[in-house]
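Please keep the sequence and the model in view while reading.

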Amino acid sequence: MRWIVTGATGLIGRHLVPAIAATGSRVTAWSRTAADVRPGDGPLVDFRNVDLALAAPPVDGEDDVGVVMLAAQISGSKDPADLPGLLEADALPHTALAASLGSRLKHVVYASSCTVYGYIDHGASREADPLRPLNAYAIEKAAAEFMLEGLARTQGFGLSVLRIAQVYGPGAPDAGALYGFLDAAVSGQPVVVNAGPGAFRDYIHVDDVVHAISLAIDARASCTVNIGTGPIRIADAARVALQVSGRSDDPQVLARSSGGNMALDWSLAHDRLGFEPTVSLETGLARELARVAQSM
Amino acid sequence: MLGAATAARLVAAGHTVHGFDRIEHAVAGVTTHRVDLLGISSAFRWPDDAEAVLHLAGTWQSPTSDPRGLTAHLRANVELVARSLAACAPSVRRFVYVSSMSVYGRDAVAPYCEDSPLRPDSFYGRTKWLGEQVCRMAQDLRPELEVVILRLAQVYGPGTPPRVVLYDFIAQALANQSIRAQCGPDLVRDHLYLTDAAEALALAIERVPPGTYNVGGGGHTMAELAAAIGSAFPITTTIFAGGSGVAKMVDSSAFAAATGFSPRTSLEHGVRVEVDRMAGERR
């Protein structure tokens, strides 16, 4: 079966596309940024410059198709004015794409986000927990889940919704907290944590995300599952950044409120897909260390 | 019709009201503007002197299962809320969003309280829930904006869409002098008459403290509904098919405590008005 991947040159897509091709499946890779097209991914990969917000091109052929929906506009905005644009970049065109494929479409894997749960006080979010979307991006993700669920029921395709924790790894934006810790650690600066000592998050390496999506592609299970590694205190993540950088000092925890807690319980993903994260934060940050040091 | 009724109530209380809709509705004392909010630019703002916005725009119709229906529903019930909030200039101090008891979902235990878990299971309920999330997010960004969310029970009355089972019962009674109900007699539902809903919305504009409130008509059984309809006819038989259903009813005590609101229209009177209206339309 051929797989269409939207957002094919983003953080996850750039690793996922060759992974799917390596299994022998044809991949139609769509991205807004033609400059990132990489013809070296092999004869099974067909790159197309596509901006979903404008229009999805017709999908040629008559073969069965699956779609991995990665395209989205990531934003931390809470401004209602930003929501229409976010819907135009993800929920609306992905729904239209799925509908346009008709009976050819056999399965969709949709990349949702841990942000649909909002902040929690303790523990880890489970799939049946009430949603409290954190921002416009999270509202848009919840809307996309609802739209695709509605369409899947009537059109008859399988739907795997993966609610993914905070992704890091090659290609990740340098603006995240983990990269801030690594930057400071490598440059000899104090590593500062702008959060309370108990504040926690959930970080997952992109290789584990690609593996989860691959499992969903193989299983074609209709389910909504969390993909994460579980809670880790932000202060401990900073400590790991220091350790992989060869430093023995501790991070400075300013105990200032900076956002809230987020973490995912991934046990359902284990039960339904056989998912288990394999890249520890220590291993993942050690891999990133060389890239961060090189960029300085 | 709910918008027109609420506007009339606000005008009668001395407020200056501007009405915005895709369709022209003449309401005495209301300055009406024909506008499609989905087509406005990001620079659009509510009138400069607007102090409160009542957001009633949206669609109640069950979406068709095709993508155009789902998209239209999402845009009408979620994107419109976002655009309406984005159009609030600093002069707007209060935003009232009309939500629905459908945000509670099938698993909720009636009567629903405002802090009952929200697990909407219909697409309509999910879009109304998303609209609430947009309101909550906007308030996070702008804490001085007073956001009021009203979760209304099923509104009925002159001009309301005849989509509720109440109208099906009336139509049957008018046609056959009998009612066949696909439920048991003890099944609980909650209907709120149009003018009572309008009064609640006006109170939400005028004085209820910011927050989320249920507003219902007090709830009734299907047997009570059938009896109310039957009282309008010389002979009416009701046959209940039986079966278990899920009670749907809100607890309105928080709104009542905050405003003194109490529905004035009994089920018997509201049903009688609708029976007379529908009978007149048939003649």
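## Two regions of the model

The model examined here is a predicted one. Within helix 1 of chain B (residues 2–12), the buried residues are Leu2(B), Thr6(B), Ala7(B) and Leu10(B). They lie on the same side of the helix, because they cover an arc of only 130° around its axis.

In chain A, seven strands form an open sheet with parallel pairing, in the order 3-2-1-4-5-6-11. Strand 3 (45–49) and strand 11 (223–227) of chain A each have a single partner strand, so one side of each lacks a neighbour in the sheet. On average, neighbouring strands of this sheet are turned by 15° against each other, direction ignored.

Strand 1 (residues 2–6) and strand 2 of chain A run parallel and are joined by three bridges. Ile4(A) stands opposite Thr28(A) in strand 2 of chain A. Helix 3 (residues 91–101) of chain A lies across strands 1, 2, 4 and 5 of chain A, and runs at about 175° to strand 4 of chain A.

Trp30(A) belongs to strand 2 (residues 27–31) of chain A. Is Trp30(A) buried or exposed? Trp30(A) is buried, because its relative accessible area is 3%, and buried means under 20%. Leaving aside neighbours within four places in sequence, the contacts of Trp30(A) include Ile4(A), Leu52(A) and Leu97(A). The C-alpha atoms of Trp30(A) and Leu52(A) are separated by 8.7 Å, although the residues are 22 residues apart along the chain.

Note on methods. Residues are numbered from 1 along each chain as its sequence is written. Chains are lettered from A and ligands numbered from 1 in the order in which they are written. This is a predicted model: local features need pLDDT of at least 70, side-chain atom pairs count only at pLDDT 80 or more; totals for chains, interfaces and linings use all residues. Side-chain values use heavy atoms; hydrogens and water are left out. Buried means under 20% relative accessible area, exposed over 50%, partly exposed in between (1.4 Å probe, protein chains only). Helices (H or I, at least four residues) and strands (E, at least two) are DSSP runs, numbered from the N terminus. The arc is that of the directions from the helix axis to the C-beta atoms. Contact means heavy atoms within 4.5 Å. Two strands pair if DSSP finds at least two bridges between them. Axes are lines fitted to C-alpha atoms, for helices over the stretch in contact, and angles run from 0 to 180 degrees between N-to-C directions.
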